[in-house]
Amino acid sequence: MRNRYHMSLVTLVMSTLIGAIAMPASAADEYAYDLVHSSVSFKARHLGISWIHGRFNEVEGKFSLDREDPTKSTFELTIKVDSVDTANAARDEHLRQPDYFDTKQFPTITFRSTKVKAIDGGYEVAGDFTMHGTTKNITLTLTGGKEHDFKGTKRVAFSTELSLKRSDFGFDKRAIGPIGDEALIIIDCEGVKK
Amino acid sequence: MPDPFLYLSASGAAALASAIPFLAISALVMARARRIASINAPASTSVHGTGPQPGSATGWPAACVVAMGLGLAVGSFVLLRRSVWPPSSALERLLTVVIPAVLIIEWIAGLQRVPHWFTWLLRIGLAAMIPRILWHGSVYLSGADSQWEAWQSATAWLLCSVLLASVWGLLGRLAERAPGASLPFGLGLTISSAGLTIMLAGYIEGGAMAFPLTAALLATTGGVWLARTCSDSLPRAKVAADRDTSSNCRSLMNSGGAAILGIGIAGLYGLLFIGHFFGRLSTMTAMTLLLSPLLCWVTEVPFLRHRHPWLVGSLRLAFVAIPLAVVLILAKRDFDRDMAPLLSLLIP
């Protein structure tokens, strides 16, 4: 009986030690992209005098924040290009064509972080931005990052804007026409802790 | 935005690129034919003389392939003005993979020693591969973003391959049975109509590619016709040798015509495939355009078949033009309904 107790105690200690060694010591919190409280929108110049606005309605992503070592944080975003919405069905359909987004060939726009740096008020995130079959390394400045607890669910939000030229990503310059080459993308992202 | 001047430039460049080398080759072949005919004249008095063949059996088909290839290369370069390698879109794969493959196959088909069945085996094999090539990396193949199940992809692949092989075979059979310039001209008419329809459906660059293709096809056909005219005008003093030259030239031009048709059909199919699966071209419209050239078969009915060639040719073009006109009218109607309001927003 005494031996059995002794063996059980040893087993318990060994299990605890093995579990502690096996589990990585991670301080990163994982967050899932909350589509309901997030948006990816864009605007582009029309004839150089006004703006045409649009958004993508189907977006998914995730990010992990390591408060102790921000360089270990990661950010991922995937946009379904088919979900483009400029409040005009004919224009949306036209934008899906091969002359523009070519959604049958390039169904997604993605961003994958490669380097993260904490800055005052947020993070500076460098990563691979892929659109229309072309990948370029860009740097985003994310503002935000404070965690908020709402009804027992932890939430974090970031905002960023980026300006890019469609011609840099394989869009036909001649198809650009009266709509400007440069587009401004605004991302407001809220993540829910897993 | 559509640029008519650019399309004219691309078409002109394609036509020029197709015509010049073909005419140069034609002149060389005809000069050689005359030289050999003058050597053969004293000894050979029968059609099946024992002298050397008056002209290369592979000259005309190879000339057609070279002319079409050059025309397409120059025309597409002028039109697109960008590198298409490595290909990232279906149109680029059509230009860099499919068209060169067709050119190679038609070159092989023009070689005298290649059996007819082997040629068609190659064509059927290519017809089976074209859908896979054009769908590469798209949502139609299996993958994370695929919108089709594997069985749907396989079924569509099979149907598309069978369709192309059937049209190619039927048109090829007609070209062997009743050759004439009306076949490539009808095909050219169909290709240009397909291009306009694809543009009206919203895919401007894809539709515009039809214009240099049409120009190369018509210029090469014109070159063949001119060479045929030259062969007919050979001096008739050396009758047997001239008959050898003339009949060889006619049969060889038929082979050249097969090359023109093959490249034209593959190009037409490729544009319609891209317009349907990547653009907004409806299935009915794409099928109508693809099958229109087959209406040339109507002139094979007994009471039309032996009519004057000009009448038969004109009837063929008329039969092909009817469904094309209907398609274009409907495409314009849809454009006015769907795109015109959008253009009124874009263009003040």
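Which loop of chain A does A:Asp102 lie in? That comes up in point 5, after a walk through the rest of this predicted model.

1. **How the chains meet.** Let's start with the contact between the two chains. Chain A puts 24 residues into the contact, and chain B puts in 30. Together they bury about 2100 Å², with carbon and sulfur atoms giving 54% of that area. Helix α2 of chain A, residues 89-95, gives the most to the side of chain A that touches chain B, namely 4 residues. By class, that side of chain A splits into 9 nonpolar, 8 polar and 7 charged residues.

2. **Polar links across the contact.** How many salt bridges run between chain A and chain B? The count is 0, even though 7 of the residues on chain A's side are charged. Polar contacts do turn up between the chains: 7 residue pairs, counting pairs with both residues at pLDDT 80 or more.

3. **Salt bridges overall.** Over all chains, the structure has 20 salt bridges. One to click on is the pair A:Asp29 and A:Lys193, whose side chains meet at 3.4 Å, N to O. This bridge ties together distant parts of the chain, since A:Asp29 sits in strand β1 (residues 28-33) and A:Lys193 in strand β11 of chain A, 164 residues apart.

4. **A cavity worth a look.** Searching the whole structure turns up 6 cavities of 30 Å³ or more. Which residues lie nearest its centre? They are A:Phe75, A:Leu77, A:Leu142, A:Ile187 and A:Cys189, out of 16 lining residues. The lining has 11 nonpolar, 3 polar and 2 charged residues. Five strands of chain A each supply at least two of the lining residues: β4 (59-66), β5 (74-80), β9 (134-150), β10 (153-165) and β11 (179-193).

5. Two spots deserve a check by eye. Most residues other than glycine have a negative phi, and most peptide bonds are trans. A:Asp102 has a positive phi, near 50°, and is not a glycine. To settle the opening question, A:Asp102 lies in the loop between α2 and β7 (108-119) of chain A. Over in chain B, the peptide bond joining B:Trp85 and B:Pro86 is cis, with omega about -5°. B:Pro86 is in a loop as well, the one between α2 (59-80) and α3 (90-109) of chain B.

Note on methods
Residues are numbered from 1 along each chain as its sequence is written. Chains are lettered from A and ligands numbered from 1 in the order in which they are written. This is a predicted model: local features need pLDDT of at least 70, side-chain atom pairs count only at pLDDT 80 or more; totals for chains, interfaces and linings use all residues. Side-chain values use heavy atoms; hydrogens and water are left out. Contact means heavy atoms within 4.5 Å. Buried area is the accessible area (1.4 Å probe) that two parts lose on being put together, summed over both. A salt bridge is a side-chain nitrogen of Lys or Arg within 4 Å of a carboxyl oxygen of Asp or Glu. A polar contact is a pair of N or O atoms within 3.5 Å; within protein, one must be able to donate a hydrogen and the other to accept it, and residues adjacent in sequence count only if both atoms are side-chain atoms. Ala, Val, Leu, Ile, Met, Phe, Trp, Tyr, Cys and Pro count as nonpolar, Asp, Glu, Lys and Arg as charged, and the others, Gly among them, as polar. On a 1 Å grid over the protein atoms alone, a cavity is a set of points where a 1.4 Å probe fits but cannot get out, and a pocket is an open set with protein on both sides within 12 Å along at least five of seven lines; lining residues have an atom within 4 Å of a point. Grid points are joined across faces, edges and corners, and a volume is the space filled by probe spheres set on the points.
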